[in-house]
Amino acid sequence: MEEQEIPLMWEHSDLFIDKESWEPGCRKLVARIEEYGCYIEQLQPTMDPALFRDIVLFDDEMEALTHRVGCYPYLLLADDTKDSAKSLMEHFRKIAEDFEDARRPLHSWIKGNDVNGTRLSDDHAAQLFAAVPELDYVLKRMRAFVSYTLTDDEETRLEKLKTQLEKRTHERRDLEARLALVEADGSIAMKPRQLKAYERSAD
């Protein structure tokens with residue numbers, strides 16, 4: 001049997017193609033992040049499984065939206081190192097940080113940690129997880145690795161460190177791109193630095 005080459009097809013329908021289509025999605029993400037507070041207040045071991053399902057599916061939808069909103073500035077920055085692209089990336093990083101901070105108590109509670117004075121036992125977890133069969137594996141895996149999970153404070157500090165590292169990585173790539181231009185044409189546009197007082201006197 002001859003091998004048939006299967007053409008590679010990229011799915012672009014979920015991507016924002018320009019800033020005009022990206023901004024409404026970004027505003028939607030920012031507005032919906034605030035909904036986490038209301039949901040987290042309702043977390044109880046004996047809560048209605050239907051409500052738990054709504055909360056978990058909301059979180060799953062928000063994660064997908066965050067990735068979708070983040071794709072545009074990432075792709076833009078990869079192709080354009082101008083200040084406008086970097087500004088969009090900085091804006092998204094702040095939103096992504098707010099998103100992780102908002103959802104952290106929910107994930108902590110699912111893992112079995114104390115949130116709002118309540119803790120999810122294994123028996124109650126089994127009852128609630130049954131309401132979300134499509135994410136049963138994900139939820140059980142979260143609880144299985146709770147012993148390897150950082151505390152809320154540790155996760156917060158780690159997220160800030162990751163954000164700082166990511167920022168420095170993009171700054172390094174920006175510098176490498178500028179240096180590549182120098183090697184290509186042997187010139188670079190630089191602002192003349194201001195001479196210090198002692199340097200001017202020396203002249």
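Predicted model: local features only at pLDDT ≥ 70, side-chain atom pairs only at ≥ 80, totals over all residues.
Good morning. Residues are numbered from 1 along each chain as its sequence is written, and side-chain values use heavy atoms, with hydrogens and water left out.

I begin with two totals. Of the 203 residues of the protein, 30% count as buried; buried means under 20% relative accessible area, exposed means over 50%, and partly exposed lies in between, for a 1.4 Å probe and protein chains only. Among contacts between residues at least 6 apart in sequence, 70% join residues at least 24 apart, a contact being heavy atoms within 4.5 Å.

Let us turn to helix H3. This helix comprises 31 residues and reaches 46 Å from its first C-alpha to its last, close to the 45 Å expected at 1.5 Å a residue; the expected span is 1.5 Å times one less than the number of residues. At the start of H3, a side-chain oxygen of Asp48 comes to within 3.0 Å of the backbone nitrogen of Ala50. Further on, H3 has a kink of about 25° at Cys71, shortly before the proline Pro73. The bend at a residue is the angle between axes fitted to the seven residues ending there and the seven starting there.

Cys71 is partly exposed, at 30% relative accessibility, whereas Cys26 is buried, with a relative accessible area of 5%. How many disulfides are there? The count comes to zero, a disulfide being a pair of cysteine sulfur atoms within 2.5 Å.

Next comes helix H4, which holds Ala102 and Arg104. Ala102 is buried, with a relative accessible area of 17%. Which residues does Ala102 touch, not counting those up to four places away in sequence? They are Ile33, Tyr36 and Ile40. The C-alpha atoms of Ala102 and Ile33 are separated by 6.7 Å, although these residues lie 69 residues apart along the chain. Arg104 is also buried, at 8% relative accessibility. Its side chain makes a polar contact with the side chain of Asp101, at 2.9 Å. A polar contact is a pair of N or O atoms within 3.5 Å; within protein, one must be able to donate a hydrogen and the other to accept it, and residues adjacent in sequence count only if both atoms are side-chain atoms.

In the loop between H4 and H5 we find Asn116. Asn116 is exposed, with a relative accessible area of 54%. Its phi is near 60°, a positive value in a residue other than glycine. Most residues other than glycine have a negative phi.

Finally, I come to helix H5, residues 122-129. Its buried residues are Ala125, Leu128 and Phe129. They cover an arc of only 95° around the axis, which puts them on the same side of H5; the arc is that of the directions from the helix axis to the C-beta atoms. On the other side of H5, Asp123 and Gln127 are exposed. What covers the buried residues of H5 includes helix H3 (49-79), helix H4 (83-111) and helix H6 (136-144). Thank you for your attention.

How values were computed:
Helix = DSSP H or I, 4+ residues; strand = E, 2+ residues; numbered from the N terminus.
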